[in-house]
Amino acid sequence: MRLTVLGKSPSWQDAGGACSGYLIQEGDTSVLVDCGNGVFGKLREHIDYIDVDAVVLSHLHADHFLDLVPYAYALTYAPRQQPVPVDRWPGTDCPACPVLHAPPGARELFRRVVGAWGNEDLIEKAFELREYDPEQEIEIGPIRISFQPVPHFTETFAMSISSSNGSGRIVYGADSRPTEALEEFARDADLMLVEATLPRPERTGTRGHLTAGEAGGHARSAGAKRLLLVHISDELDADAAREQAAEVFDGPVEVAREGATFEV
């Protein structure tokens, strides 16, 4: 499998960057994991958006799904998607309609968000929307995805991504505070994506995110082979974050950057 980082920012995107979005490819199958603000444009730099087989969302915070809106507009109104010829496009009776695997409650939330200014069914008409059961594995071609609840400010699911073709396993931790559940779920992962949002733990209130050092601790406890720090702003020093994680995790550590690719 190949993973391409499309966006790695937290809830405010980097200059020229994007929020959470990762392209997973195995053979002819392409899956977009999360689709935060700025991701759709980044996606188009790597693949034609009509060639994405499915989108899978970890949770329903805006920085993980907001670019479903421009994606849905493209699938609905782009010249190539119309039933009649438009410009150089010949017209089609079979417009692209990727499957959208989203957490329970997604349909209602999408309708509230998009309905604030337009047709509330924009997203569910552009995609084949399926609210997944987090206790069930989903299959997209050779790609297999299973889920693990992790503690965040809203219902959130980490993902274990593997292939029936026998390549390695990627674990995407999504957003969470420190949790042993992620460590167990990610046991022996070939590549572990862990958020590193914070320069220090939250001082008050309910925690929802991790520091780079805590991310390194999770990767060490999981026995992961490689660690990729994600959900981190360009306003934090990448070298310092890498060093903090490496103090507790003795495997390779990288800080995600848009366009970076990883083979597992």
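A crossing of two helices is left-handed if the near helix is turned anticlockwise from the far one by less than a right angle, and right-handed if clockwise. In this predicted model, the crossing of α7 and α8 is right-handed.

**Helices α7 and α8**

- Two packed helices are described by the angle between their axes and the distance between the axes.
- Helix α7 spans residues 212–222 and helix α8 spans residues 238–246; their axes come within 7 Å and cross at roughly 40 degrees.
- Angles under 35 degrees count as roughly parallel and those from 65 to 115 as roughly perpendicular, and α7 and α8 are therefore oblique to each other.
- On the α7 side, the residues in contact are Ala 212, Gly 213 and Gly 216, and they meet Ala 241, Gln 244 and Ala 245 of α8.
- Sorted by class, this contact of α7 with α8 has three nonpolar residues, three polar residues and no charged ones.

**The largest pocket**

- Two or more lining residues come from each of the elements α3 (68–77) and α5 (122–126).
- Helix α3 gives the largest share of the lining, with four residues.
- By class, the lining of the largest pocket has nine nonpolar, five polar and two charged residues.

Technical notes:
Residues are numbered from 1 along each chain as its sequence is written. This is a predicted model: local features need pLDDT of at least 70, side-chain atom pairs count only at pLDDT 80 or more; totals for chains, interfaces and linings use all residues. Side-chain values use heavy atoms; hydrogens and water are left out. Axes are lines fitted to C-alpha atoms, for helices over the stretch in contact, and angles run from 0 to 180 degrees between N-to-C directions. Angles under 35 degrees count as roughly parallel, over 145 as roughly antiparallel, 65 to 115 as roughly perpendicular and the rest as oblique. Contact means heavy atoms within 4.5 Å. Ala, Val, Leu, Ile, Met, Phe, Trp, Tyr, Cys and Pro count as nonpolar, Asp, Glu, Lys and Arg as charged, and the others, Gly among them, as polar.
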